[in-house]
Amino acid sequence: MKYSCKKVENCFADSQTWEYRLPISGEAFSALLPKGWAIRRNTRLRRPVFIAALGAFSVKGVLDESIIKVSFPSDNWEKEKHDFEEWLEKKNVEGDI
Amino acid sequence: MIYLNNAATSWPKPPCVAEAAARALTERPGAAHRGGIEAFDVYEAVREGVARLLGVSEPPCIALGANASWALNLGIFGFPFKDGDTVVTTRAEHNSVLRPLWRLESEGRIKTVYLDVDASGRVSAELWRKAMQKYHPRLAVFTHASNVTGAVNDAKALIDAAHEAGAAVLTDASQTLGCLDCSVLSSADMVAFTGHKYLLGPQGTGGLYVRPGLALLPRLVGGTGIKSDMDTMPEEMPLHLEAGTGNEPGFHGLLAALDWAEQNPYEANAELSRYERLRDGLAEAGAEVICPGGAVTPVISFTVPGMSCAELGFMLSDSCEIVCRTGLHCAPKIFACLGVPETVRFSLSRFTTDIEVDFAINAVRDCIG
């Protein structure tokens, strides 16, 4: 799967949150997440969202949008980010971003 | 989109603000400070407008610059400290106060005492008075209102207690000038303000009032357009503290905002009614709302049990298209006093409608589920 990413800052110096633009919707992305991830959906909202978590690793997105927000655990974030991107790249998903 | 981030930057502005700024960019630039009977000096007019709001009678004592951070840096770094002086401030302060103080303390020049605020973000006048008597600071710094909770401090009591103990007072009016009567601050030694919040002016405008007789050391020196044959900054205000070319289009915008606000006075009762509607609605929806009693600005901080502010903020912004702020709001020390690690903040303006307030309440209800 192709993607582009950019860091998102917030109030905390050690925060490691990145936005990823994907060729698929948030809904399709959340369906790809492996077992072990706790995935919640809120469909009451104007634009329904999903929030997925695996320990301190979290992914959030609007179900019908192609941008997701990924927060990596602050200790070890570089390896986690590398592994996540490698996982994305290995996903056999067609489409441009 | 619903804009509830007015405590950071107010929006929208009255249309005349953009018109005035745009006109200034297309017209021939002015020549600040050079005077002359026919010259219109926008800076002078802004000083007069701000002086009326502050209830001070010396407009030239208001130095104009980029924002409140500029003003607070000027007031703190320019203050004539002697090594070992003590500064008393509160844990509700913005980083534009905390970071300059931290730097002076880290250089060994001052000792800073941080006073707790109560669970609503307000400093107790009694605690403040006792601290003044105990520490006898050279400088006392407090925000007129918390940018996190909206709690307004009893400025008169704090200023009087500081003066009784021999301290000079620097007040941060960023959150109040334009939405509260700030004439109570006229007895402070310095008042920092910004143009882009409740004054409804453009970003990049602000200033510092310095009472006559208090000599600050200018930390930024350079061209003043006049008296260029002197090696040092001229002693008279505001020249003493204003080096370099100013943001003329921005101040034309701020002047238009000040004039507009004089013709369209802030309706405190209507604002309070919307504030209470939002506060009560959020609480009813299941949010834990910080509710200061007494005087408040139109700022509401809240949390939701079992949900991080980042998660709630994401849903409000990305799903509900509500522009708000989550996190520390650049005031990191207050959270220990509030008993929460961070908050979501909604801040209203005079242009916020009841429909928008109800939309925000329903959005939070839907986020909570």
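Mentor: Pro238(B) sits in the loop between strand S8 (206-210) and helix H7 (248-263) of chain B. The peptide bond that joins Met237(B) to Pro238(B) is cis, with omega about 0°. Keep in mind that this is a predicted model: local features need pLDDT of at least 70, side-chain atom pairs count only at pLDDT 80 or more, and totals for chains, interfaces and linings use all residues; side-chain values use heavy atoms, without hydrogens and water. Residues are numbered from 1 along each chain as its sequence is written, while chains are lettered from A and ligands numbered from 1 in the order in which they are written. Helices (H or I, at least four residues) and strands (E, at least two) are DSSP runs, numbered from the N terminus.

Go to Trp11(B) and Pro12(B). A cis peptide bond joins them too, and its omega is about 0°. Pro12(B) belongs to the loop between strand S1 (2-3) and helix H1 (15-26) of chain B.

Now take helix H5 (residues 125-135) of chain B. Its buried residues are Trp128(B), Ala131(B) and Met132(B). They lie on the same side of H5(B) because they cover an arc of only 100° around the axis. That arc is taken from the directions from the helix axis to the C-beta atoms. Buried means under 20% relative accessible area, exposed over 50%, and partly exposed in between (1.4 Å probe, protein chains only). Look at the other side of H5(B): Lys130(B) and Lys134(B) are exposed there.

What covers the buried side? The cover of the buried residues of H5(B) includes strands S3 (85-90), S4 (110-115) and S5 (139-143) of chain B. Helix H6 (155-164) of chain B is also part of that cover.

Step just past H5(B). There His136(B) takes a positive phi of about 40°, although His136(B) is not a glycine. Its place is the loop between H5 and S5 of chain B. His136(B) is partly exposed, with a relative accessible area of 47%.

Cys330(B) also has a positive phi, near 60°, and is a residue other than glycine. Find Cys330(B) in the loop between strand S12 (325-327) and helix H10 (335-338) of chain B. Cys330(B) is partly exposed, at 35% relative accessible area.

Next comes the neighbour, chain A. Six of its strands form an open sheet, in the order S1-S2-S6-S5-S4-S3, and the pairing is antiparallel. Strand S1 (4-8) and strand S3 (38-42) of chain A are at the edges; each has a single partner strand, so one side of each has no neighbour in the sheet. Two strands pair if DSSP finds at least two bridges between them. S1(A) and strand S2 (residues 17-21) of chain A run antiparallel, joined by five bridges. In this pair, Val8(A) is opposite Thr17(A). Chain B meets the sheet through helix H9 (residues 309-319) of chain B, which packs on it. H9(B) touches S3, strand S4 (49-54), strand S5 (57-62) and strand S6 (67-71) of chain A.

Finish with the interface. Contact means heavy atoms within 4.5 Å. In these terms, 16 residues of chain A are in contact with 19 residues of chain B. About 1,400 Å² is buried between the two chains. Buried area is the accessible area (1.4 Å probe) that two parts lose on being put together, summed over both. Carbon and sulfur atoms give 59% of the area between chain A and chain B. On the chain A side, Arg44(A), Leu45(A) and Arg46(A) lose the most area to chain B, together 33% of what that side buries.

Notes: Axes fitted to C-alpha atoms, helices over the stretch in contact; angles between N-to-C directions.
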